[in-house]
Amino acid sequence: MMIKLWATVKKETLLLVRDKVGLSILFLMPMALILVMTLIQDSAFKTMNEKGIPIVFVNNDHDSLGIMIEQGLRNNDLCDFKDSIDGKPATTELAMKAVGEGKFLVGVIIPAGATAAIRKNVTKLVSETLNGEDTATEKPAQLPDSVEISIIIDPVAKKSFLISVTSNLREFISEVKTKIMFQTFSDQVAEVIPDKPIHQKTHIKDHRSSAIQKFMLPKPLIKSCPMLCNTMFRHGPSLPCSLLPYRCRAASSKKKMKAVYSGYTPCLLHIYYW
Amino acid sequence: MSNPAIIEIRNLTKTFKGANEPAVDGISFSIKRNEIFGLLGPNGAGKTTTISILCGLFPPTGGKVFIDGKDLHTEMLAIKNMIGVVPQDIALYPTLSARENLAFYGSMYGLHGKELKNNMDIWLEKLGLTDASKRQVSTYSGGMKRRVNLIAGVLHKPSILFLDEPTVGVDVQSRNVIIECLKEINAAGTTIIYTSHHMEEAQNFCTRVSIIDRGKIITEGTPGELIRNNAGSTNLENVFLNLTNRKLRD
(Lines give C-alpha, C1' and ligand atoms only; values in the text may rest on other atoms or scores of the structure.)
Protein backbone atom coordinates (compact mmCIF):
# COMPACT_ATOMS: atom_id res chain seq x y z
CA MET A 1 0.00 0.00 0.00
CA MET A 2 2.78 2.41 0.96
CA ILE A 3 4.64 1.52 -2.24
CA LYS A 4 1.60 2.51 -4.29
CA LEU A 5 1.12 5.70 -2.31
CA TRP A 6 4.77 6.65 -2.65
CA ALA A 7 4.72 5.88 -6.37
CA THR A 8 1.64 8.03 -6.83
CA VAL A 9 3.12 10.94 -4.88
CA LYS A 10 6.34 10.69 -6.89
CA LYS A 11 4.49 10.54 -10.17
CA GLU A 12 2.23 13.47 -9.30
CA THR A 13 5.22 15.54 -8.17
CA LEU A 14 7.08 14.83 -11.40
CA LEU A 15 4.00 15.67 -13.45
CA LEU A 16 3.54 18.93 -11.57
CA VAL A 17 7.19 19.96 -11.76
CA ARG A 18 7.35 19.28 -15.50
CA ASP A 19 4.09 20.97 -16.30
CA LYS A 20 5.48 24.45 -16.88
CA VAL A 21 2.19 25.90 -18.04
CA GLY A 22 0.32 24.41 -15.12
CA LEU A 23 2.95 25.63 -12.68
CA SER A 24 2.96 29.11 -14.13
CA ILE A 25 -0.82 29.23 -13.92
CA LEU A 26 -0.65 27.93 -10.38
CA PHE A 27 1.70 30.70 -9.25
CA LEU A 28 1.21 33.49 -11.75
CA MET A 29 -2.57 33.59 -11.75
CA PRO A 30 -2.87 34.53 -8.06
CA MET A 31 -0.14 37.14 -8.61
CA ALA A 32 -1.98 38.47 -11.64
CA LEU A 33 -5.16 38.55 -9.61
CA ILE A 34 -3.45 40.50 -6.83
CA LEU A 35 -1.97 42.89 -9.39
CA VAL A 36 -5.31 43.49 -11.10
CA MET A 37 -7.10 43.93 -7.79
CA THR A 38 -4.40 46.33 -6.60
CA LEU A 39 -4.69 48.40 -9.77
CA ILE A 40 -8.47 48.49 -9.50
CA GLN A 41 -8.29 49.46 -5.84
CA ASP A 42 -5.60 52.01 -6.58
CA SER A 43 -7.67 53.68 -9.27
CA ALA A 44 -10.64 53.70 -6.93
CA PHE A 45 -8.64 55.38 -4.19
CA LYS A 46 -6.70 57.65 -6.49
CA THR A 47 -9.48 60.21 -6.86
CA MET A 48 -9.69 60.41 -3.10
CA ASN A 49 -6.01 60.22 -2.29
CA GLU A 50 -4.61 62.86 -4.62
CA LYS A 51 -6.61 65.74 -3.23
CA GLY A 52 -8.67 64.03 -0.56
CA ILE A 53 -12.45 63.91 -0.29
CA PRO A 54 -13.94 67.06 -1.79
CA ILE A 55 -15.86 68.64 1.06
CA VAL A 56 -17.81 71.86 1.02
CA PHE A 57 -18.17 73.54 4.37
CA VAL A 58 -20.88 75.99 5.34
CA ASN A 59 -20.20 77.77 8.61
CA ASN A 60 -23.33 79.51 9.80
CA ASP A 61 -22.15 79.38 13.38
CA HIS A 62 -19.04 81.63 13.20
CA ASP A 63 -18.15 80.64 16.74
CA SER A 64 -15.96 78.04 18.50
CA LEU A 65 -17.64 74.95 17.07
CA GLY A 66 -17.71 76.19 13.50
CA ILE A 67 -14.17 77.51 13.67
CA MET A 68 -12.81 74.34 15.21
CA ILE A 69 -14.49 72.07 12.66
CA GLU A 70 -13.31 74.31 9.86
CA GLN A 71 -9.73 74.24 11.12
CA GLY A 72 -9.89 70.52 11.66
CA LEU A 73 -11.20 69.80 8.16
CA ARG A 74 -8.72 72.25 6.61
CA ASN A 75 -5.79 70.52 8.28
CA ASN A 76 -7.06 67.01 7.52
CA ASP A 77 -5.19 65.36 4.62
CA LEU A 78 -8.23 63.24 3.92
CA CYS A 79 -10.28 66.27 2.97
CA ASP A 80 -10.13 68.66 0.06
CA PHE A 81 -11.69 71.50 2.00
CA LYS A 82 -13.69 74.26 0.28
CA ASP A 83 -15.82 76.93 1.88
CA SER A 84 -16.75 78.60 -1.38
CA ILE A 85 -18.47 77.35 -4.52
CA ASP A 86 -17.52 78.88 -7.86
CA GLY A 87 -16.01 81.89 -6.08
CA LYS A 88 -19.09 82.54 -3.96
CA PRO A 89 -19.17 81.87 -0.20
CA ALA A 90 -20.86 78.53 0.42
CA THR A 91 -24.44 78.65 1.62
CA THR A 92 -26.73 75.78 2.55
CA GLU A 93 -28.59 75.93 -0.74
CA LEU A 94 -25.43 76.23 -2.85
CA ALA A 95 -23.82 73.37 -0.96
CA MET A 96 -26.80 71.08 -1.46
CA LYS A 97 -26.86 71.90 -5.16
CA ALA A 98 -23.11 71.41 -5.56
CA VAL A 99 -23.17 68.02 -3.83
CA GLY A 100 -26.16 67.04 -5.94
CA GLU A 101 -24.23 67.94 -9.08
CA GLY A 102 -21.31 65.83 -7.95
CA LYS A 103 -18.87 68.72 -7.42
CA PHE A 104 -18.37 67.60 -3.83
CA LEU A 105 -18.76 64.24 -2.19
CA VAL A 106 -19.71 65.62 1.20
CA GLY A 107 -21.19 68.87 2.43
CA VAL A 108 -21.03 69.88 6.10
CA ILE A 109 -23.38 72.57 7.35
CA ILE A 110 -22.96 74.02 10.83
CA PRO A 111 -26.18 75.72 11.90
CA ALA A 112 -26.22 79.26 13.26
CA GLY A 113 -25.96 79.48 17.03
CA ALA A 114 -24.58 75.97 17.44
CA THR A 115 -21.82 77.02 19.84
CA ALA A 116 -24.13 79.28 21.75
CA ALA A 117 -26.60 76.44 22.21
CA ILE A 118 -23.89 74.14 23.49
CA ARG A 119 -22.61 76.85 25.80
CA LYS A 120 -26.10 77.48 27.15
CA ASN A 121 -26.74 73.85 27.87
CA VAL A 122 -23.36 73.29 29.47
CA THR A 123 -23.69 76.40 31.63
CA LYS A 124 -27.10 75.30 32.76
CA LEU A 125 -25.85 71.83 33.55
CA VAL A 126 -22.81 72.99 35.49
CA SER A 127 -24.85 75.53 37.43
CA GLU A 128 -27.40 72.94 38.35
CA THR A 129 -24.73 70.51 39.39
CA LEU A 130 -22.72 72.92 41.49
CA ASN A 131 -25.49 75.01 43.00
CA GLY A 132 -28.46 72.72 42.79
CA GLU A 133 -30.41 75.31 40.82
CA ASP A 134 -30.29 76.96 37.47
CA THR A 135 -28.32 80.18 37.91
CA ALA A 136 -27.31 80.62 34.35
CA THR A 137 -27.80 84.22 33.55
CA GLU A 138 -27.89 83.79 29.81
CA LYS A 139 -31.19 82.27 28.80
CA PRO A 140 -31.84 83.17 25.23
CA ALA A 141 -35.20 81.69 24.31
CA GLN A 142 -34.36 81.37 20.64
CA LEU A 143 -31.43 78.98 21.20
CA PRO A 144 -32.35 75.32 20.64
CA ASP A 145 -31.58 72.57 23.16
CA SER A 146 -29.95 70.35 20.55
CA VAL A 147 -27.49 71.21 17.82
CA GLU A 148 -28.09 69.68 14.44
CA ILE A 149 -25.13 69.53 12.07
CA SER A 150 -26.20 68.58 8.56
CA ILE A 151 -24.05 66.39 6.35
CA ILE A 152 -25.02 66.21 2.69
CA ILE A 153 -23.74 63.06 1.05
CA ASP A 154 -23.19 62.19 -2.56
CA PRO A 155 -24.40 58.57 -3.00
CA VAL A 156 -21.11 57.82 -4.77
CA ALA A 157 -19.15 58.48 -1.58
CA LYS A 158 -17.88 55.36 0.08
CA LYS A 159 -19.22 54.51 3.49
CA SER A 160 -15.72 54.40 4.96
CA PHE A 161 -15.08 58.03 3.96
CA LEU A 162 -18.35 59.11 5.46
CA ILE A 163 -17.57 57.28 8.66
CA SER A 164 -14.21 59.03 8.75
CA VAL A 165 -15.78 62.47 8.27
CA THR A 166 -18.55 61.92 10.79
CA SER A 167 -16.15 60.55 13.38
CA ASN A 168 -13.96 63.63 12.89
CA LEU A 169 -16.98 65.85 13.37
CA ARG A 170 -17.97 64.01 16.51
CA GLU A 171 -14.46 64.49 17.82
CA PHE A 172 -14.55 68.23 17.16
CA ILE A 173 -17.96 68.59 18.78
CA SER A 174 -16.83 66.61 21.78
CA GLU A 175 -13.72 68.78 22.08
CA VAL A 176 -15.71 71.98 21.92
CA LYS A 177 -18.17 70.69 24.48
CA THR A 178 -15.37 69.71 26.81
CA LYS A 179 -13.66 73.06 26.45
CA ILE A 180 -16.85 74.94 27.14
CA MET A 181 -17.59 72.68 30.05
CA PHE A 182 -14.15 73.24 31.59
CA GLN A 183 -14.35 76.93 31.06
CA THR A 184 -17.80 77.18 32.60
CA PHE A 185 -16.86 74.86 35.38
CA SER A 186 -13.71 76.83 36.07
CA ASP A 187 -15.66 80.09 36.16
CA GLN A 188 -18.23 78.62 38.53
CA VAL A 189 -15.61 77.16 40.84
CA ALA A 190 -13.72 80.46 40.87
CA GLU A 191 -16.86 82.11 42.18
CA VAL A 192 -17.34 79.53 44.95
CA ILE A 193 -13.77 79.09 46.17
CA PRO A 194 -12.02 82.18 47.57
CA ASP A 195 -8.59 83.10 46.22
CA LYS A 196 -5.71 81.66 48.21
CA PRO A 197 -2.24 83.12 48.66
CA ILE A 198 0.49 81.68 46.47
CA HIS A 199 2.51 80.22 49.40
CA GLN A 200 -0.14 77.57 50.03
CA LYS A 201 0.74 75.92 46.72
CA THR A 202 4.35 75.49 47.92
CA HIS A 203 3.15 74.03 51.19
CA ILE A 204 1.15 71.36 49.40
CA LYS A 205 4.02 70.37 47.14
CA ASP A 206 6.32 69.78 50.17
CA HIS A 207 3.93 67.18 51.59
CA ARG A 208 3.22 65.26 48.44
CA SER A 209 6.18 62.90 48.30
CA SER A 210 6.67 62.33 52.05
CA ALA A 211 3.31 61.86 53.71
CA ILE A 212 0.35 60.36 51.99
CA GLN A 213 -2.11 61.24 54.76
CA LYS A 214 -1.04 64.83 54.80
CA PHE A 215 -1.55 65.31 51.12
CA MET A 216 -5.11 66.44 50.96
CA LEU A 217 -7.02 68.44 48.51
CA PRO A 218 -8.40 71.75 49.74
CA LYS A 219 -11.63 71.35 51.64
CA PRO A 220 -13.90 73.16 49.23
CA LEU A 221 -12.62 71.04 46.35
CA ILE A 222 -12.99 67.78 48.30
CA LYS A 223 -16.52 68.70 49.13
CA SER A 224 -17.30 69.31 45.55
CA CYS A 225 -15.47 66.24 44.24
CA PRO A 226 -18.33 63.72 44.36
CA MET A 227 -20.48 66.21 42.58
CA LEU A 228 -17.68 66.93 40.17
CA CYS A 229 -17.16 63.30 39.34
CA ASN A 230 -20.85 62.82 38.91
CA THR A 231 -20.94 65.68 36.44
CA MET A 232 -17.90 64.48 34.65
CA PHE A 233 -19.06 60.90 34.33
CA ARG A 234 -22.32 62.01 32.91
CA HIS A 235 -21.18 64.72 30.58
CA GLY A 236 -17.62 64.19 29.49
CA PRO A 237 -15.59 61.03 29.38
CA SER A 238 -12.24 62.78 29.23
CA LEU A 239 -12.71 64.63 32.49
CA PRO A 240 -13.22 61.69 34.88
CA CYS A 241 -10.48 59.82 33.10
CA SER A 242 -8.12 62.61 34.00
CA LEU A 243 -9.40 63.21 37.48
CA LEU A 244 -9.83 59.71 38.83
CA PRO A 245 -6.20 58.69 38.57
CA TYR A 246 -5.37 61.81 40.50
CA ARG A 247 -7.70 60.94 43.31
CA CYS A 248 -6.56 57.36 43.50
CA ARG A 249 -2.87 57.79 42.99
CA ALA A 250 -2.21 61.36 43.92
CA ALA A 251 0.21 60.72 46.76
CA SER A 252 1.72 57.42 45.67
CA SER A 253 4.74 58.71 43.81
CA LYS A 254 6.16 61.75 42.15
CA LYS A 255 6.50 59.96 38.86
CA LYS A 256 2.83 59.10 38.72
CA MET A 257 1.89 62.62 39.54
CA LYS A 258 3.85 63.88 36.59
CA ALA A 259 2.28 61.37 34.30
CA VAL A 260 -1.15 62.36 35.41
CA TYR A 261 -0.47 66.05 35.12
CA SER A 262 0.91 65.78 31.65
CA GLY A 263 -2.47 64.72 30.34
CA TYR A 264 -4.46 67.64 31.67
CA THR A 265 -5.73 70.57 29.77
CA PRO A 266 -4.52 73.96 31.09
CA CYS A 267 -7.91 74.54 32.55
CA LEU A 268 -7.82 71.37 34.57
CA LEU A 269 -4.30 72.09 35.74
CA HIS A 270 -5.49 75.37 37.07
CA ILE A 271 -7.98 73.57 39.28
CA TYR A 272 -5.47 71.16 40.68
CA TYR A 273 -2.90 73.77 41.51
CA TRP A 274 -5.41 75.70 43.49
CA MET B 1 -4.65 -34.44 -19.93
CA SER B 2 -7.09 -31.84 -21.23
CA ASN B 3 -6.23 -28.14 -21.04
CA PRO B 4 -8.67 -26.47 -18.62
CA ALA B 5 -10.30 -23.14 -19.46
CA ILE B 6 -8.71 -20.16 -17.71
CA ILE B 7 -11.54 -17.85 -18.77
CA GLU B 8 -15.15 -18.99 -18.83
CA ILE B 9 -17.80 -16.60 -20.14
CA ARG B 10 -21.47 -17.51 -19.85
CA ASN B 11 -24.23 -15.54 -21.50
CA LEU B 12 -22.43 -12.21 -21.03
CA THR B 13 -24.57 -9.16 -21.70
CA LYS B 14 -23.86 -5.47 -21.55
CA THR B 15 -26.32 -2.71 -22.39
CA PHE B 16 -25.15 0.85 -21.91
CA LYS B 17 -27.48 3.47 -20.50
CA GLY B 18 -29.59 5.05 -23.18
CA ALA B 19 -28.56 2.51 -25.81
CA ASN B 20 -31.28 0.76 -27.81
CA GLU B 21 -29.27 -2.38 -28.48
CA PRO B 22 -26.88 -4.28 -26.24
CA ALA B 23 -23.18 -3.81 -26.94
CA VAL B 24 -22.61 -7.40 -25.91
CA ASP B 25 -25.58 -9.69 -26.46
CA GLY B 26 -25.40 -12.91 -24.47
CA ILE B 27 -22.03 -14.24 -25.62
CA SER B 28 -20.56 -17.43 -24.25
CA PHE B 29 -17.10 -18.85 -24.86
CA SER B 30 -14.12 -20.15 -23.01
CA ILE B 31 -10.40 -19.52 -23.37
CA LYS B 32 -7.97 -22.27 -22.55
CA ARG B 33 -4.81 -21.76 -20.54
CA ASN B 34 -1.80 -20.57 -22.57
CA GLU B 35 -3.89 -19.83 -25.64
CA ILE B 36 -3.54 -16.79 -27.87
CA PHE B 37 -7.18 -16.02 -28.33
CA GLY B 38 -8.17 -13.50 -30.98
CA LEU B 39 -11.40 -11.55 -30.61
CA LEU B 40 -12.05 -10.16 -34.06
CA GLY B 41 -14.80 -8.01 -35.38
CA PRO B 42 -15.65 -4.79 -37.18
CA ASN B 43 -15.89 -1.42 -35.43
CA GLY B 44 -18.60 -1.38 -32.77
CA ALA B 45 -18.88 -5.17 -32.70
CA GLY B 46 -18.37 -5.34 -28.91
CA LYS B 47 -14.72 -6.42 -28.70
CA THR B 48 -13.53 -3.60 -26.45
CA THR B 49 -16.66 -3.86 -24.29
CA THR B 50 -16.03 -7.57 -23.76
CA ILE B 51 -12.39 -7.01 -22.85
CA SER B 52 -13.29 -4.12 -20.55
CA ILE B 53 -15.75 -6.36 -18.70
CA LEU B 54 -13.15 -9.12 -18.43
CA CYS B 55 -10.66 -6.59 -16.99
CA GLY B 56 -13.22 -5.39 -14.47
CA LEU B 57 -13.43 -1.86 -15.86
CA PHE B 58 -17.21 -1.96 -15.71
CA PRO B 59 -19.73 -4.60 -14.65
CA PRO B 60 -21.77 -6.66 -17.08
CA THR B 61 -25.53 -6.21 -17.31
CA GLY B 62 -25.95 -9.96 -17.18
CA GLY B 63 -24.10 -13.25 -17.39
CA LYS B 64 -21.18 -14.77 -15.54
CA VAL B 65 -17.42 -14.56 -15.97
CA PHE B 66 -14.97 -16.90 -14.30
CA ILE B 67 -11.25 -16.23 -14.52
CA ASP B 68 -9.05 -19.03 -13.30
CA GLY B 69 -12.07 -20.44 -11.50
CA LYS B 70 -12.80 -17.16 -9.69
CA ASP B 71 -16.04 -15.29 -10.14
CA LEU B 72 -15.23 -11.87 -11.59
CA HIS B 73 -18.11 -10.33 -9.67
CA THR B 74 -17.02 -11.53 -6.21
CA GLU B 75 -13.25 -11.96 -6.49
CA MET B 76 -12.24 -8.95 -8.50
CA LEU B 77 -9.20 -8.07 -6.39
CA ALA B 78 -7.60 -11.49 -6.72
CA ILE B 79 -8.29 -11.50 -10.46
CA LYS B 80 -6.83 -8.03 -10.98
CA ASN B 81 -3.48 -9.18 -9.62
CA MET B 82 -3.23 -11.94 -12.21
CA ILE B 83 -4.18 -9.95 -15.30
CA GLY B 84 -2.33 -7.43 -17.43
CA VAL B 85 -4.00 -4.95 -19.76
CA VAL B 86 -2.61 -3.17 -22.80
CA PRO B 87 -5.32 -0.70 -23.78
CA GLN B 88 -6.12 0.54 -27.25
CA ASP B 89 -5.19 4.12 -26.36
CA ILE B 90 -1.73 5.04 -25.13
CA ALA B 91 -2.04 5.07 -21.35
CA LEU B 92 1.22 6.85 -20.55
CA TYR B 93 2.07 10.18 -18.94
CA PRO B 94 3.69 12.18 -21.73
CA THR B 95 5.85 14.36 -19.46
CA LEU B 96 7.36 11.36 -17.71
CA SER B 97 10.12 9.24 -19.18
CA ALA B 98 9.52 5.60 -20.14
CA ARG B 99 11.30 4.50 -16.96
CA GLU B 100 9.24 6.79 -14.77
CA ASN B 101 6.03 5.59 -16.40
CA LEU B 102 6.99 1.96 -16.01
CA ALA B 103 8.13 2.50 -12.42
CA PHE B 104 4.72 3.92 -11.62
CA TYR B 105 2.75 1.12 -13.30
CA GLY B 106 5.06 -1.53 -11.82
CA SER B 107 4.51 -0.06 -8.37
CA MET B 108 0.76 -0.20 -8.90
CA TYR B 109 1.16 -3.95 -9.41
CA GLY B 110 3.26 -4.24 -6.25
CA LEU B 111 6.70 -4.35 -7.86
CA HIS B 112 9.50 -2.41 -6.24
CA GLY B 113 13.23 -2.23 -5.76
CA LYS B 114 15.50 -4.54 -7.71
CA GLU B 115 12.69 -6.66 -9.12
CA LEU B 116 11.07 -3.60 -10.67
CA LYS B 117 14.35 -2.32 -12.05
CA ASN B 118 15.37 -5.70 -13.48
CA ASN B 119 12.00 -6.20 -15.15
CA MET B 120 12.15 -2.72 -16.64
CA ASP B 121 15.68 -3.24 -17.93
CA ILE B 122 14.79 -6.58 -19.52
CA TRP B 123 11.69 -5.32 -21.30
CA LEU B 124 13.21 -2.03 -22.40
CA GLU B 125 16.11 -3.99 -23.87
CA LYS B 126 13.78 -6.49 -25.61
CA LEU B 127 11.72 -3.77 -27.22
CA GLY B 128 14.71 -1.61 -28.13
CA LEU B 129 13.95 1.27 -25.84
CA THR B 130 16.94 1.26 -23.49
CA ASP B 131 18.61 4.29 -25.06
CA ALA B 132 15.42 6.32 -25.10
CA SER B 133 14.18 5.18 -21.71
CA LYS B 134 15.12 8.40 -19.94
CA ARG B 135 13.50 10.66 -22.48
CA GLN B 136 10.03 12.01 -21.98
CA VAL B 137 7.36 9.88 -23.67
CA SER B 138 6.04 12.96 -25.48
CA THR B 139 9.19 12.88 -27.62
CA TYR B 140 8.59 9.27 -28.71
CA SER B 141 7.23 8.08 -32.05
CA GLY B 142 3.89 6.24 -32.21
CA GLY B 143 5.65 2.87 -32.40
CA MET B 144 7.83 3.63 -29.38
CA LYS B 145 4.80 4.70 -27.36
CA ARG B 146 3.03 1.45 -28.30
CA ARG B 147 6.02 -0.55 -27.13
CA VAL B 148 6.18 1.27 -23.79
CA ASN B 149 2.41 0.80 -23.49
CA LEU B 150 2.93 -2.94 -23.97
CA ILE B 151 5.70 -3.09 -21.35
CA ALA B 152 3.44 -1.34 -18.84
CA GLY B 153 0.97 -4.22 -19.24
CA VAL B 154 3.44 -7.09 -18.99
CA LEU B 155 5.95 -5.75 -16.47
CA HIS B 156 4.47 -7.69 -13.56
CA LYS B 157 4.37 -10.99 -15.50
CA PRO B 158 0.62 -11.53 -15.57
CA SER B 159 -0.85 -14.98 -16.20
CA ILE B 160 -3.53 -13.46 -18.44
CA LEU B 161 -2.82 -10.59 -20.79
CA PHE B 162 -5.53 -8.57 -22.50
CA LEU B 163 -4.40 -6.70 -25.59
CA ASP B 164 -6.82 -4.29 -27.24
CA GLU B 165 -5.45 -3.58 -30.70
CA PRO B 166 -1.82 -3.42 -29.55
CA THR B 167 -0.39 -2.87 -33.02
CA VAL B 168 -2.71 -0.16 -34.29
CA GLY B 169 -0.91 2.75 -35.94
CA VAL B 170 2.60 1.35 -35.76
CA ASP B 171 5.12 0.64 -38.51
CA VAL B 172 5.94 -2.87 -39.69
CA GLN B 173 9.15 -3.02 -37.68
CA SER B 174 7.48 -2.09 -34.43
CA ARG B 175 4.59 -4.45 -35.12
CA ASN B 176 7.00 -7.27 -35.79
CA VAL B 177 8.86 -6.65 -32.52
CA ILE B 178 5.61 -6.46 -30.59
CA ILE B 179 4.29 -9.72 -32.05
CA GLU B 180 7.58 -11.47 -31.38
CA CYS B 181 7.54 -10.29 -27.81
CA LEU B 182 3.95 -11.41 -27.34
CA LYS B 183 4.83 -14.86 -28.67
CA GLU B 184 7.68 -14.98 -26.17
CA ILE B 185 5.35 -13.98 -23.35
CA ASN B 186 2.90 -16.66 -24.43
CA ALA B 187 5.67 -19.21 -24.55
CA ALA B 188 6.48 -18.34 -20.95
CA GLY B 189 2.95 -19.39 -19.95
CA THR B 190 0.81 -16.29 -20.30
CA THR B 191 -2.65 -16.60 -21.84
CA ILE B 192 -3.26 -13.82 -24.34
CA ILE B 193 -6.61 -12.36 -25.32
CA TYR B 194 -6.14 -10.13 -28.28
CA THR B 195 -8.30 -7.91 -30.44
CA SER B 196 -7.26 -6.55 -33.80
CA HIS B 197 -8.42 -5.38 -37.20
CA HIS B 198 -5.36 -6.91 -38.84
CA MET B 199 -6.67 -10.24 -40.09
CA GLU B 200 -3.35 -11.40 -41.45
CA GLU B 201 -1.69 -10.66 -38.13
CA ALA B 202 -4.44 -12.51 -36.29
CA GLN B 203 -4.22 -15.45 -38.64
CA ASN B 204 -0.50 -15.83 -38.00
CA PHE B 205 -0.50 -14.95 -34.33
CA CYS B 206 -3.65 -16.46 -32.77
CA THR B 207 -4.11 -20.09 -31.88
CA ARG B 208 -7.87 -19.64 -31.83
CA VAL B 209 -10.16 -16.81 -32.93
CA SER B 210 -13.70 -15.75 -32.37
CA ILE B 211 -15.47 -13.38 -34.75
CA ILE B 212 -17.92 -11.09 -33.04
CA ASP B 213 -20.43 -8.81 -34.72
CA ARG B 214 -23.27 -6.71 -33.24
CA GLY B 215 -22.51 -8.09 -29.80
CA LYS B 216 -22.83 -11.74 -30.82
CA ILE B 217 -20.25 -14.42 -31.55
CA ILE B 218 -20.80 -15.50 -35.14
CA THR B 219 -18.01 -18.07 -35.42
CA GLU B 220 -15.20 -19.53 -33.40
CA GLY B 221 -12.25 -21.85 -34.06
CA THR B 222 -8.62 -21.96 -35.10
CA PRO B 223 -7.76 -19.75 -38.12
CA GLY B 224 -7.22 -22.86 -40.21
CA GLU B 225 -10.61 -24.33 -39.26
CA LEU B 226 -12.41 -21.07 -40.08
CA ILE B 227 -10.73 -20.84 -43.49
CA ARG B 228 -11.54 -24.46 -44.29
CA ASN B 229 -15.16 -24.21 -43.14
CA ASN B 230 -15.87 -21.14 -45.28
CA ALA B 231 -15.97 -22.20 -48.89
CA GLY B 232 -14.04 -19.97 -51.22
CA SER B 233 -12.04 -18.33 -48.44
CA THR B 234 -8.29 -18.47 -48.71
CA ASN B 235 -7.47 -16.45 -45.62
CA LEU B 236 -9.01 -15.11 -42.42
CA GLU B 237 -9.83 -11.77 -44.02
CA ASN B 238 -12.08 -13.50 -46.59
CA VAL B 239 -13.80 -15.38 -43.79
CA PHE B 240 -14.26 -12.18 -41.83
CA LEU B 241 -15.76 -10.30 -44.80
CA ASN B 242 -18.02 -13.20 -45.72
CA LEU B 243 -19.38 -13.43 -42.20
CA THR B 244 -19.67 -9.76 -41.32
CA ASN B 245 -20.51 -8.63 -44.90
CA ARG B 246 -18.88 -5.73 -46.74
CA LYS B 247 -21.26 -3.02 -45.62
CA LEU B 248 -19.57 -0.05 -43.96
CA ARG B 249 -19.99 0.29 -40.20
CA ASP B 250 -20.30 3.36 -38.00
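Guide: B:Tyr93, B:Phe104 and B:Tyr105 form one aromatic cluster. Rings of Phe, Tyr and Trp (its six-membered ring) pair if their centres lie within 6.5 Å; planes under 30 degrees apart count as stacked, over 60 as edge-to-face and the rest as tilted. This is a predicted model: local features need pLDDT of at least 70, side-chain atom pairs count only at pLDDT 80 or more, and totals for chains, interfaces and linings use all residues. Residues are numbered from 1 along each chain as its sequence is written, chains are lettered from A and ligands numbered from 1 in the order in which they are written, and side-chain values use heavy atoms, with hydrogens and water left out.

Visitor: How many aromatic pairs are there over all chains?

Guide: The search of the whole structure finds six.

Visitor: What makes the pair of B:Phe16 and B:Phe58 edge-to-face?

Guide: The angle does. Their planes stand at 75 degrees, with ring centres 5.5 Å apart, so the pair is edge-to-face. The two lie 42 residues apart. B:Phe16 is in the loop between strand 1 (5-14) and strand 2 of chain B. B:Phe58 is in the loop between helix 1 (47-54) and strand 4. Helices (H or I, at least four residues) and strands (E, at least two) are DSSP runs, numbered from the N terminus.

Visitor: Why is B:Phe16 called partly exposed?

Guide: Its relative accessibility is 34%. Buried means under 20% relative accessible area, exposed over 50%, partly exposed in between (1.4 Å probe, protein chains only). So B:Phe16 counts as partly exposed. B:Phe58, at 24%, counts as partly exposed too.

Visitor: Why is the pair of B:Phe29 and B:Phe37 called stacked?

Guide: Their planes are at 10 degrees and their centres 5.1 Å apart, so this pair is stacked. Both B:Phe29 and B:Phe37 are buried.

Visitor: How do you know that B:Asp68 and B:Arg33 meet in a salt bridge?

Guide: N to O, the distance is 2.7 Å. A salt bridge is a side-chain nitrogen of Lys or Arg within 4 Å of a carboxyl oxygen of Asp or Glu. So the pair passes the rule. B:Asp68 sits in the loop between strand 4 (62-67) and strand 5 (70-71), and B:Arg33 in the loop between strand 2 (24-32) and strand 3 (36-40), so the bridge ties together parts 35 residues apart in sequence.

Visitor: What do B:Asp121 and B:Arg99 tie together?

Guide: They meet in a salt bridge at 2.6 Å, N to O. B:Asp121 lies in helix 4 (residues 113-126) and B:Arg99 in helix 3 (residues 98-108), so the pair ties together parts 22 residues apart in sequence. By this rule there are 17 salt bridges over all chains. Chain A has a network of them linking A:Glu70, A:Arg74 and A:Asp83.

Visitor: Which residues form a salt bridge between A and B?

Guide: A:Arg18 and B:Glu100 do, with their closest N and O atoms 2.4 Å apart.

Visitor: How many residues does the contact take from each chain?

Guide: Eight come from chain A and eleven from chain B. Contact means heavy atoms within 4.5 Å. The buried area is about 940 Å², that is, the accessible area (1.4 Å probe) that two parts lose on being put together, summed over both. Carbon and sulfur atoms give 71% of it. In chain A, A:Ile3, A:Lys11 and A:Arg18 lose the most area to chain B, together 52% of what that side buries.
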